[in-house]
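Have a look at the structure first, then work through the points below.

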Amino acid sequence: MAKGLDVGTMNLISARQEGAETVFVQQRNSFVELDYSDMADQMLSRSDVLHIKKGDKVYVVGDDALNFANIFNRETRRPMKAGILSSDEKSAIPMIKLILQQVVDEPQHPGERLFFSTPADPIDSDLSTLYHQKTLESILSDMGYDPEPINEGMAVIYSELAENDFTGLGISFGAGMTNVCLSYYAVPVMRFSIARGGDWIDEQAARATGTPVDKVTSTKEDDFHLDFTSDVGGIEGALGIYYENLLDYVVENVVEEVDEEDVEEGLDVPVVVTGGTASPDGFEGLFRERLREADIPFSVSGVRRAREPLYSVARGALVAARSEEGERETEEAEANATEE
């Protein structure tokens, strides 16, 4: 048995196969700090709220963190920022360990294969993803897994473009980063990320409207539509403006990177968009419009959003893990047959 894991700034999502069904387990990648009391500890334990006590503080972790933040008028904190482990958050590693334990659980056997998503180094920032990747490998190894990083954009290709021989442009619009991968028959031709995503939209909209970031995030996740009929002065109007700006920025960088990589002209490829930031209705049409207006040196045969944008990367990581697992089993069977 193998597993896939999407390590996102907003959510941690695992995927495993049970018969014909793919099973996903999800937790919000955040926590909130509360003052410790015996009564609070007892109440949290009785209600099965995921939490950890540390000194005179209690940290509520995962999906419950946003609810507690709203109740107690606190800001949630994140183990990750801009797509990688946050260097500003001292509790980043113990918190993400706790959430990972809930999401992937224990391996079914020692050395179970697990592919986890990792971003490419961003082209518009001096951030390095190496420390993030190696730290996650260490955490997952300590849990008993045999972990393997997979580029987030490539995971989108594995998840969504099997019927096109894993050829196409996959773009994962995450909370911390946007990851882009152009693949030709499962061989990456171009991979990069940009240091803007859903968090950037939320922060800009919050600053423009004088609204707490968590409230903007809740508004975006609560049936938000990119239809541009909202009051420009409100939260939804600001979200629409910064969504447009993000898509323009992504397309601009795709054009520049394609030119730099000397991608062969004449390619005709499908484009798949995914990730939590790509979830609002209207996103697919807006991105299609922006690509149509851009001067890209290859043809786009179509633009579509993944069936389940939030789960696409985890599913793609699982596809890669199961594919490698199958190859190993075949090699072992052939070796045993040769010995006999």
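Let's start at the second largest pocket: 14 residues line it, and Thr-76, Arg-77, Arg-78, Asp-199 and Glu-203 lie nearest its centre. Keep in mind that this is a predicted model, where local features need pLDDT of at least 70 and side-chain atom pairs count only at pLDDT 80 or more, while totals for chains, interfaces and linings use all residues. Residues are numbered from 1 along each chain as its sequence is written, and side-chain values use heavy atoms, with hydrogens and water left out.

**The second largest pocket**

- A pocket here is an open set of points on a 1 Å grid over the protein atoms alone, with protein on both sides within 12 Å along at least five of seven lines; a cavity is a set where a 1.4 Å probe fits but cannot get out, and lining residues have an atom within 4 Å of a point.
- The second largest pocket holds about 360 Å³ of space, where a volume is the space filled by probe spheres set on the grid points, which are joined across faces, edges and corners.
- Its lining has 10 charged residues, plus two nonpolar and two polar ones.
- For those classes, Asp, Glu, Lys and Arg count as charged, Ala, Val, Leu, Ile, Met, Phe, Trp, Tyr, Cys and Pro as nonpolar, and the others, Gly among them, as polar.
- Helix 6 (198-209), strand 7 (80-81) and helix 7 each supply at least two lining residues, and helix 6 gives the most, with three.
- Helices (H or I, at least four residues) and strands (E, at least two) are DSSP runs, numbered from the N terminus.

**The largest pocket**

- About 660 Å³ of space lies in the largest pocket.
- Its lining takes in 37 residues, and Met-10, Asn-11, Gly-276, Thr-277 and Leu-310 are the ones nearest the centre.
- Helix 2 is the top contributor to this lining, with three residues.
- By class, you'll find 15 polar, 14 nonpolar and eight charged residues here.

**The cavity**

- There is one cavity of 30 Å³ or more in the structure, and the largest cavity has about 70 Å³ of space.
- Among the residues lining the largest cavity are Met-10, Thr-76, Arg-78 and Asp-214.
- Helix 7 provides the largest share of that lining, three residues.
- The lining splits into three nonpolar, three polar and three charged residues.

**Salt bridges**

- A salt bridge is a side-chain nitrogen of Lys or Arg within 4 Å of a carboxyl oxygen of Asp or Glu, and the count comes to 22 by this rule.
- Arg-113 and Asp-146 form one of them, at 3.0 Å from N to O.
- Arg-113 sits in strand 9 (residues 112-118) and Asp-146 in strand 10 (residues 145-151), so this pair ties together parts 33 residues apart in sequence.
- Lys-220 pairs up with Asp-202, with the closest N and O atoms 3.0 Å apart.
- Lys-220 and Asp-202 are both buried (under 20% relative accessible area; exposed is over 50% and partly exposed in between, with a 1.4 Å probe and protein chains only).

**Helix 5**

- Helix 5 (residues 152-160) is mostly covered, with eight of its nine residues buried.
- At the start of helix 5, a side-chain oxygen of Asn-151 comes within 3.0 Å of the backbone nitrogen of Gly-153.

Note on methods. A polar contact is a pair of N or O atoms within 3.5 Å; within protein, one must be able to donate a hydrogen and the other to accept it, and residues adjacent in sequence count only if both atoms are side-chain atoms.
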